[in-house]
Amino acid sequence: PKETYRHSGLMHFYACENIILRNITFQGPGSVDVSGDDLMTLSDGSRHIWVDHCEFVDGIDGNFDINGHSDFITISWCVFRYTPLSYVHANSNLVGSSDNEKSNGEDNLNVTYAFNRWGEGCDQRMPMVRFGTIHVMNNLYDCQGNHGAVNPRHNSEVLVENNYFDKGVRKIFSENGSRSFQLRGNIYIERFKQPADKGAVYIPYKYEAAPACHVPEIVRQYAGPRK
């Protein structure tokens, strides 16, 4: 029989621009590592996209991936999680699909993750990053028993700022081949030896981060689709 569930991603934006997605729940069949699609993918130079107050559950490959020269993407007040339907490859968010500069690009993939919650069942890629400048700010990591969280890789620049890593979240940060990274203002409930900064990361906009101590309360209360 045909295994049509292998291609059960919900939305793929190719070369799209100026889009706001808000108050949507995306539900997949469960991550079972059979080369299916993501719940959402932005690719082929999609630009100026804001995803706000959404929930992504049980993407068969990933929950929400960004690649292929996409740029100026903001993900805010969203929830990412997996249920027991997902028993392998609960890898939530990927930025940059490979180490290939031609397919991903050097001077794009500017992505902001702010006030999101990586919750139950999320195992890795929160996010995993190649290329691009990524600002990971004021997010709640509530994914006990995970095997990885923030993971800068090939030629990426990542600022991890004022996030809250809750009890049971141990595999907080690893990097391989990044151009630069900085961790500042974060709260770690479990023991974690924060690495020294690698260079500096320039964020191309003005902002004011909330104190990390306020993150659990406000993210638990306000993240996800609003009724």
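A nonpolar core is understood here as a set of buried Ala, Val, Leu, Ile, Met, Phe, Trp, Tyr and Cys residues joined through side-chain atoms within 4.5 Å. Buried means under 20% relative accessible area, exposed over 50%, and partly exposed in between (1.4 Å probe, protein chains only). The structure is a predicted model, in which local features need pLDDT of at least 70 and side-chain atom pairs count only at pLDDT 80 or more, while totals for chains, interfaces and linings use all residues. Residues are numbered from 1 along each chain as its sequence is written, and side-chain values use heavy atoms, with hydrogens and water left out.

The largest nonpolar core comprises 42 residues, and Phe-56 and Tyr-141 have the most contacts inside it. Two or more residues of this core come from each of the strands β4 (40–43), β5 (47–52), β7 (64–66), β8 (71–76), β11 (110–114), β14 (133–137), β17 (157–161) and β19 (180–184); strands (E, at least two residues) and helices (H or I, at least four) are DSSP runs numbered from the N terminus. A second, separate core has 11 residues, including Ala-114, Met-137, Leu-140 and Val-219. In soluble globular proteins, nonpolar side chains tend to be buried together.

Leaving aside neighbours within four places in sequence, Tyr-141 is in contact (heavy atoms within 4.5 Å) with residues that include Trp-118, Met-126, Pro-127, Val-136, Phe-165 and Val-169. Tyr-141 also belongs to an aromatic cluster whose members include Phe-56, Phe-64, Trp-118 and Phe-165.

Strand β4 is covered on both faces: Met-40 and Leu-42 on one side, and Thr-41 and Ser-43 on the other, are all buried. Two strands pair if DSSP finds at least two bridges between them. Strand β1 (residues 11–14) runs parallel to β4 and is joined to it by 4 bridges, with His-12 having Thr-41 as its bridge partner. β4 also pairs with β7 in the parallel sense, over 3 bridges, and here Met-40 stands opposite Phe-64.

Aromatic rings of Phe, Tyr and Trp (its six-membered ring) pair if their centres lie within 6.5 Å; planes under 30 degrees apart count as stacked, over 60 as edge-to-face and the rest as tilted. By this rule there are 13 aromatic pairs. One of them, Trp-77 with Tyr-222, is edge-to-face, at 6.3 Å centre to centre and 85° between the planes. This pair links distant parts of the chain, 145 residues apart: Trp-77 lies in the loop between β8 and β9 (79–81), and Tyr-222 in helix α2 (residues 215–222). Tyr-222 is partly exposed, with a relative accessible area of 35%.

The cysteines complete the picture. A search of the whole structure finds 0 disulfides, a disulfide being a pair of cysteine sulfur atoms within 2.5 Å. For Cys-78, the nearest cysteine sulfur, that of Cys-54, is 4.8 Å away, and Cys-78 is buried at 0% relative accessible area. The sulfur of Cys-143 is 6.1 Å from that of Cys-122, its closest cysteine sulfur, and therefore too far for a bond. Cys-143 likewise counts as buried, at 0% relative accessibility.
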